[in-house]
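Welcome! Please take a moment with the sequence and the model, and then let us walk through some of the details together.

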Amino acid sequence: MPRSAQDPQIPQEGGHARHLWPLLAVFAVAVPAALFVVEKFGAHHFGFSFFLILLASLAGYAVAVDKVVQERLGESRRRTRMLVWLAAAVLFLGSVTVFFLLRPPPPPLARMVGARDVAVAGFAAADDKLDQQTLDDLAAEFAREMKRQLRPSAEVRSYAADAALPLTELRNYLDDSELERKTAARASDVRALEWKTAVRASDVSELEQKTADFAEMTNAEIVVAGLAVAEPGGGQTRLWPAVYIRSDRVTNLPELEGWYVGESPIILTGWNEPQERDQLHAQLTQEVGALAKFLEALGAWRKGNPAEAEQILDGLLDPKQQGDGNSFVPSDLALLFHGAAAEQQAPAQMGPSRTKFLETARKDYERIMDPGTEDTPTSRPSKRAAAARARAAISLQVNAYRRAIDPMKLCQPETVKAAELAQVSQSLKALADNQSLNDLGRLKAVVNRAQVEECRILARLVTDDGAAVKEALKKLSDARDVTGAAELRAFAESIAANHEYRSGDKPAAIKHIRAAIKDGRDPSQRAIWHGLLARWSLERCDLQTGRTARQDALDQYDAAKRRGRGDPSAAPKYEKDSAVELENAEKRCPDDER
């Protein structure tokens, strides 16, 4: 019987499916393949490229699926077409997910093993007017040249292709006027507004945290980088060199951690010409000498020789040697470190000699705080100046605290300058909330204020409530993920230990001093803390702990002596005094406690 003309022919869906599913699979596999190519050959811009390739793949995939559905399943049931779309979506999302789950992790960064190694993180292009590959090549050339000028034992390595640091955020450290001059063709240029916005604290924190992690992974003494900025008209290109200082390489100076952008850029009249790139390379090479001297000063500081560090920094601060300023070691960094080197020598001195070192340091810090008629980056209203002055302010308050006390009487009543201590405490309280400081800087302000308040309590200038110590412990406990905070936490625990001991709670004092020992790294400090643990344990007739802690203290004194740290006469004095304390404890305590 013939079919009616109105009786439609039902398509054979099973036959179409044989061609449909392989085609969808090919489309789905193409997506992770494209992502792999982007990741392999476009690592510098993987995030942006990933977004674009994903959108393009999704659009192409949707068009292909739609065409297949229309051509092969156009007359099928709506439910069948929806199931095909659902299956296609699952295939697409599944393929992208499998790509991220199965791709191998990035190779670890090469780790250097020397004491004065330098990591060149790369030179970043502020916009797309400059070729990033050319900047990477320049970073590699600069690393090779720097290696030739440093000591043979020092290693210099370029990580330009591997670091992946958000170096474009270095623009946030530059002056508004500098960026305005370099990025706007005229005052009304709308693009200038992009460079005149206030610094974004989240961006700076991200860059500093990632740089801290990078420095830890590579074990670099310092990290060197730069930001290349092309003028809108293309007339000039300016490269702003920058150096990153690690907190653990400048013991007891965590506020110095962070990026320091050079005071003056290296200016090129062009970029694409080989002779101009040669000129840039030559200028960078000239700057290596100052950076090498700064590394020598860092090495002297770490070896416990602040006098040598101060002498080296004298040269960097000498206008005859520095000329118009060097790009890699800006004056605020040199002054901060020079002041710290002078101040570090004060504790071993008495009378006029001690005062002289403290005054030298004070003048260095005040030169940053108030440059007078000098035309320097710190004398102009800017983001960089605010950060430099905030760092100097902390150092200046610590300096004022030391000048306000008698080092031989240690905050005893009627031996301190009460007004100066009160002023220091108020200034440090304000600095603890100063957003121009990084996390470590603000934490140091909190801990130093706790130290000052404890001194005022000892001098009977204020009531003994311990609020400042509790605040310091809480903030440092909340900042356990902040790189470099361990030393500050140890110092805060030692302040808390002494506070509890004076309050009569010896178990709490011992708990805090153990925590200080756990986080502390400086052997000269650890020697004192082990000594306190020994003394307090012997007072409680815990002879075993007392003997062990006493020997630990002697070992730490010996380690400090080998490193050239601390007072050489402290160890013999402690050994003699602690032997008497141990003998008295053995006589006083019952036999069953021994």
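This is a predicted model: local features need pLDDT of at least 70, side-chain atom pairs count only at pLDDT 80 or more; totals for chains, interfaces and linings use all residues.

Cys-411 sits in the loop between helix H13 (383-404) and helix H14 (418-431), while Cys-455 belongs to helix H15 (residues 439-458), so the pair ties together parts that are 44 residues apart in sequence.

## The other disulfide

How many disulfides does the structure hold? There are 2. With -90° about the S-S bond, the link of Cys-541 and Cys-589 is left-handed. Cys-541 lies in the loop between helix H19 (523-539) and helix H20 (543-562), and Cys-589 in the segment after helix H21 (570-588), so this pair ties together parts that are 48 residues apart in sequence.

Are these cysteines buried or exposed? Cys-541 counts as buried because its relative accessibility is 15%, under the 20% cut-off. Cys-589 has a relative accessibility of 3%, so Cys-589 counts as buried. If you number the bonded cysteines of the protein in sequence order, the pairing reads 1-2, 3-4.

Next, find Glu-221 in the loop between helix H7 (201-218) and strand S3 (222-230). Its relative accessibility is 1%, so Glu-221 counts as buried.

Which side chain makes a polar contact of 2.6 Å with that of Glu-221? The partner is Arg-302. Leaving aside residues up to four places away in sequence, Glu-221 touches several others, including Ala-115, Arg-116, Asp-117, Arg-246 and Arg-249. Leu-295 and Leu-298 are also among the residues that Glu-221 touches.

Tyr-173 is in the loop between strand S2 (156-158) and helix H5 (176-183). With 11% relative accessibility, Tyr-173 counts as buried. Tyr-173 and Ala-385 are 212 residues apart in sequence, yet 8.9 Å apart in space, C-alpha to C-alpha.

Leu-83, Leu-86 and Val-90 make a nonpolar surface patch of about 300 Å². Of these residues, Leu-83 is found in helix H3 (residues 78-102).

Notes. Residues are numbered from 1 along each chain as its sequence is written. Side-chain values use heavy atoms; hydrogens and water are left out. Helices (H or I, at least four residues) and strands (E, at least two) are DSSP runs, numbered from the N terminus. Buried means under 20% relative accessible area, exposed over 50%, partly exposed in between (1.4 Å probe, protein chains only). A polar contact is a pair of N or O atoms within 3.5 Å; within protein, one must be able to donate a hydrogen and the other to accept it, and residues adjacent in sequence count only if both atoms are side-chain atoms. Contact means heavy atoms within 4.5 Å. Patches are made of residues with over 30% relative accessible area and no salt bridge: like charges are joined within 9 Å, nonpolar side chains (Val, Leu, Ile, Met, Phe, Trp, Tyr) within 5 Å. Accessible areas come from the Shrake-Rupley method with a 1.4 Å probe; for residues, only the protein chains shown count as cover. A salt bridge is a side-chain nitrogen of Lys or Arg within 4 Å of a carboxyl oxygen of Asp or Glu. A disulfide is a pair of cysteine sulfur atoms within 2.5 Å.
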